[in-house]
Amino acid sequence: MAVAAGVVAASKNAARPPPIQTAIMRKASPRKAAPTWLVGEKVRLRPIEPDDVAMLQRWINTSPARGFIFSRLPLSFEQERDWAANAAVNPNTPSYIIQTLDGVDIGSIGLHIEGSRAMLGIAIHEPEFWDRGYGTDAIKTLVDGAFRARQLVRIELTVLTDNTRAIRCYERAGFVREGVLRRYIYQDGAHRDVVLMSVLHEEWAAGRAAARPRRSRMRRRR
């Protein structure tokens with residue numbers, strides 16, 4: 001399943017400071033052991049490294065998931081490098097490579113934070129990993145980490161109204177439909193409606209509290 005939201009496009013199109021040179025990005029870590037505490041049941045979210053730029057460019061220009069995200073002319077290596085450099089160091093655009101626990105890079109996910117609100121965007125770019133729960137696990141992992149690390153009131157996203165598989169994925173991750181934004185984006189020669197969805201801090205906290213007793217009971221049985 002391809003899952004995607006408008007924040008990826010929004011964060012790339014939004015006004016940003018002059019490009020940050022890749023020299024100040026994190027030095028490349030061994031791909032299978034890049035340090036991160038954002039680890040779920042199926043995936044780990046690792047920081048973007050300089051060596052990821054070629055892969056990111058391939059994904060954004062040729063990925064089958066592009067049809068679920070936005071229409072865009074192809075990006076050059078330099079354009080993708082500049083975006084990745086900014087995303088890697090800007091605290092208000094935390095962005096990550098989605099990696100399976102076996103060390104396979106399959107997509108990207110990130111937030112665009114404005115005050116106490118954040119917009120989430122995700123894409124599983126490798127189609128052999130669609131419909132296998134990786135997107136849902138990546139979303140849950142980032143939402144949990146973001147609410148724990150930042151003083152956020154809500155995390156929201158937008159999704160095309162006909163992308164029913166993505167909507168189900170977001171619902172499994174705890175997001176609630178808030179309404180339809182009419183003619184919100186321009187996609188494939190037409191203005192398209194999108195569904196606005198969100199998860200609130202108190203909803204996330206309630207979910208964690210409900211899950212804690214279940215985990216405790218499982219440990220006692222062992």
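This is a predicted model: local features need pLDDT of at least 70, side-chain atom pairs count only at pLDDT 80 or more; totals for chains, interfaces and linings use all residues.
I looked up the strand order and found an open sheet of seven strands, running β1-β2-β3-β4-β5-β7-β6 with mixed pairing. I noted β1 (43–47) and β6 (176–187) as the edge strands, each pairing on one side only. From one strand to the next, I get a twist that averages 30 degrees.

I checked how β6 is held to strand β7 (residues 190–200): the two pair in the antiparallel sense over eight bridges. Within this pairing, I find Val176 opposite Ser198 in β7.

I traced α2 (residues 53–62) across β1, β2 (95–100) and β3 (105–114). Relative to β3, I have α2 running at about 85 degrees.

For α2 and helix α3 (residues 77–89) I have an angle of about 110 degrees and axes 9 Å apart. I therefore record α2 as roughly perpendicular to α3, as the class covers 65 to 115 degrees. Their crossing is right-handed. On the α2 side I list Val53, Ala54, Leu56, Gln57 and Ile60, which meet Phe77, Glu80, Arg81, Trp83 and Ala84 in α3.

I tested the length of α4 (residues 134–149): at 1.5 Å a residue, its 16 residues should span 22 Å, and the end C-alpha atoms are 22 Å apart, so the two agree. I then looked at burial: 13 of the 16 residues of α4 are buried, so I put this helix down as largely enclosed by the rest of the structure.

Definitions and conventions. Residues are numbered from 1 along each chain as its sequence is written. Side-chain values use heavy atoms; hydrogens and water are left out. Helices (H or I, at least four residues) and strands (E, at least two) are DSSP runs, numbered from the N terminus. The expected span of a helix is 1.5 Å times one less than its number of residues. Buried means under 20% relative accessible area, exposed over 50%, partly exposed in between (1.4 Å probe, protein chains only). Two strands pair if DSSP finds at least two bridges between them. Axes are lines fitted to C-alpha atoms, for helices over the stretch in contact, and angles run from 0 to 180 degrees between N-to-C directions. Contact means heavy atoms within 4.5 Å. Angles under 35 degrees count as roughly parallel, over 145 as roughly antiparallel, 65 to 115 as roughly perpendicular and the rest as oblique. A crossing is left-handed if the near helix is turned anticlockwise from the far one by less than a right angle, and right-handed if clockwise.
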